[in-house]
Amino acid sequence: MLLFCIIQVYRSALRLVRSMLPLPYLKVGYLTAPPADDPIAPHKHWERSQFILNHTELQQVNDSESAPVKVNALVEKAKRFIKVDVADIVSVSTCSDLTLPPGAGLCINTTHGPVFLVADTWESLDGWLDAIRLVYTIFARGKSDVLAGIVTG
């Protein structure tokens, strides 16, 4: 009987949490990011754009679904977007660095090197930190399939 009650409590909590998630994602919001091909670009080249976090990756959203443009018989390179696979994350932390644009700095250390992003506020940054750390912790414990089931429902 006690086990049944515990299971019911967990199911109820899961339903509540699922109703508050931006499914099929765990977090959706805006971060300021450098161009994907130039992580140390000057501030004026950084852009505020939407990011999504699911159980496998943090990814910058492509706002313009346009194809590469042909100009004077040359094809411009398609814009690259930032993508961080959860499996590549080593650590996530806040950072205050004069080389970053104004705002709340986020550093994601990966097996491929650091990724720097900037949140609008420190409160917003806390939400990103919590979400990324949660996803990474679940991944590290080998339970990504459970999280995927919750998110994809």
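Because the model is predicted, local features need pLDDT of at least 70 and side-chain atom pairs count only at pLDDT 80 or more, while totals for chains, interfaces and linings use all residues. Residues are numbered from 1 along each chain as its sequence is written, and side-chain values use heavy atoms, with hydrogens and water left out.

Salt bridges come first. The term stands for a side-chain nitrogen of Lys or Arg within 4 Å of a carboxyl oxygen of Asp or Glu, and by that rule the count comes to 3. One of them pairs Arg 48 with Asp 120, where the closest N and O atoms are 2.8 Å apart. This pair ties together distant parts of the chain, 72 residues apart: Arg 48 sits in strand β2 (residues 47-53), and Asp 120 sits in the loop between β9 (113-119) and α2 (122-140). Strand and helix labels here are DSSP runs numbered from the N terminus, with helices being H or I of at least four residues and strands being E of at least two.

Another salt bridge joins Glu 57 to Lys 83, with 3.5 Å between the closest N and O atoms. Again distant parts of the chain are linked, since Glu 57 belongs to strand β3 (residues 57-60) and Lys 83 to strand β6 (residues 83-85), 26 residues apart. Glu 57 is buried at 15% relative accessible area, whereas Lys 83 is partly exposed at 49%. Lys 83 also meets the side chain of Asp 85 in a salt bridge (3.9 Å, N to O). With 30% relative accessibility, Asp 85 counts as partly exposed. Put together, Glu 57, Lys 83 and Asp 85 make up a network of salt bridges.

What about the cysteines? A disulfide is a covalent bond between the sulfur atoms of two cysteines, and here a pair of cysteine sulfur atoms has to lie within 2.5 Å to count as one. Searching the whole structure turns up 0 disulfides. Cys 95 is in none, and the nearest cysteine sulfur, that of Cys 107, is 5.2 Å away. That distance is too far for a bond. Both residues are tucked away: Cys 95 is buried at 15% relative accessibility, and Cys 107 is buried at 7%.

Next up is helix α3 (residues 144-152), in which Ser 144, Leu 147, Ala 148 and Val 151 are buried. Seen down the axis of α3, the buried residues fall within an arc of 105°, so they line one face of the helix. The arc is that of the directions from the helix axis to the C-beta atoms. An α-helix has 3.6 residues a turn, so residues three or four places apart point the same way. Just after α3, Gly 153 takes a positive phi of about 60°.

Ala 36 is partly exposed, with a relative accessible area of 23%. Leaving aside residues up to four places away in sequence, Ala 36 touches Arg 80, Phe 81 and Ile 82, where contact means heavy atoms within 4.5 Å.

Terms used:
Buried means under 20% relative accessible area, exposed over 50%, partly exposed in between (1.4 Å probe, protein chains only).
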